[in-house]
Amino acid sequence: MKIRIGVIGCLGRMGKKILSELTTNTKVEIAGAVARADSKYVGLDIGPIIGHSFNLGIKVTSSISDAFESSDVVIDFTTKECVLDCLKAAVKFKIPLVSGTTGIESIDLKKYAAEIPILWSANMSVGVNVLLKLVKKAAELLGNEYDAEIWEMHHNLKKDLPSGTAIELGKAVASASERDFRLSQYFHSYLKIREKGKIGFAVSRGGGVVGDHSVMFINSDERIELNHKTIDRTAFAKGAIQAAIWLYKNKKGAPGLYSMQDVI
């Protein structure tokens, strides 16, 4: 039996990619596709919307509840406000939720994860999550003897900065090298010289860059760089679907907060 997956935010960049990938995955089927209530696509079949020349039999809806009620697991790539609605619906219908929405640091995911399985990651790509493991190991081996610098670049429409992925990379460095991330993170300022033990962040925005991340460990003698560049958002979509399948198969009866680090 195929796993029924609902997609919240189905008309966004990620939503369309996920829907497209779902149509080619033999292990799953699309259970629902949710967009904003004011979207002109509500009520239309998703087939032509994601580039197919034929209908797929799934119409865009504005009802989050309907999507959860008809799904085995739901994937969300939306906004902070919409995530809250998804979390409430997930708890109500007892449906596992996968979310890649960033900028939600003020939301207590653990509160909701006490009742249902939730998998949240700032970046769903397998490559970035391998990078996180490599960064943790490098920070563990190098300790505080090396300055840690994180640089990220995204398209010119991205609102949050630094990116959620950059923050996760910073947390990886902090935990592995026993630094307090909340005290250590800083943005470069011309008013200050670099402080020892801090984690530096640099941010660039331009064009249609999907996502580039670099973590550098530097001392007076050498520099170590770990890099990841996303070529296409398909990497995120495939990772999100892999996460949804994993969460449903392994944790559907086990409330808790999980991440892509648990999947790979």
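Visitor: Before we start, what should I know about the model?
Guide: It's predicted, so local features need pLDDT of at least 70 and side-chain atom pairs count only at pLDDT 80 or more, while totals for chains, interfaces and linings use all residues. Residues are numbered from 1 along each chain as its sequence is written, and side-chain values use heavy atoms, with hydrogens and water left out.

Visitor: OK, how many salt bridges does the structure hold?
Guide: There are 9. The term means a side-chain nitrogen of Lys or Arg within 4 Å of a carboxyl oxygen of Asp or Glu.

Visitor: Which residue does Asp 232 bridge to?
Guide: Lys 17, with the closest N and O atoms 2.9 Å apart. That pair ties together distant parts of the chain, 215 residues apart: Asp 232 is in the loop between strand 11 (223-229) and helix 9 (234-251), and Lys 17 is in helix 1 (residues 13-22). Helices (H or I, at least four residues) and strands (E, at least two) are DSSP runs, numbered from the N terminus.

Visitor: What about Glu 140, which residue is its partner?
Guide: Lys 137, and the closest N and O atoms are 3.9 Å apart.

Visitor: Switching to the inside: which residues have the most contacts in the largest nonpolar core?
Guide: Ile 18, Leu 19, Leu 22, Ile 75, Val 98 and Leu 119, in a core of 37 residues. A nonpolar core here is a set of buried Ala, Val, Leu, Ile, Met, Phe, Trp, Tyr and Cys residues joined through side-chain atoms within 4.5 Å. Helix 9 gives the largest share of this core, 10 residues.

Visitor: What does Ile 18 touch?
Guide: Leaving out residues up to four places away in sequence, Ile 18 touches Val 7, Ile 75, Phe 77, Ala 237, Ala 240 and Ile 241. Contact means heavy atoms within 4.5 Å. There's also another core lying apart, with 24 residues, including Val 83 and Leu 87.

Visitor: Which residues make the nonpolar surface patch?
Guide: Val 126, Val 130, Leu 134 and Ile 264, covering about 290 Å². Patch residues have over 30% relative accessible area and no salt bridge; like charges are joined within 9 Å, nonpolar side chains (Val, Leu, Ile, Met, Phe, Trp, Tyr) within 5 Å. The areas come from the Shrake-Rupley method with a 1.4 Å probe, and for residues only the protein chains shown count as cover. Ile 264 lies in the segment after helix 10.

Visitor: Last one: what covers strand 6, and what does it pair with?
Guide: Both faces of strand 6 (residues 117-120) are covered, with Pro 117 and Leu 119 buried on one side and Ile 118 and Trp 120 buried on the other. Strand 6 pairs in the parallel sense with strand 5 (residues 97-99) over 3 bridges, and in the parallel sense with strand 12 (residues 256-258), over 3 bridges. Pairing needs at least two DSSP bridges between two strands. Leu 97 stands opposite Ile 118, while Leu 119 has Tyr 258 as its bridge partner in strand 12.

Technical notes:
Buried means under 20% relative accessible area, exposed over 50%, partly exposed in between (1.4 Å probe, protein chains only).
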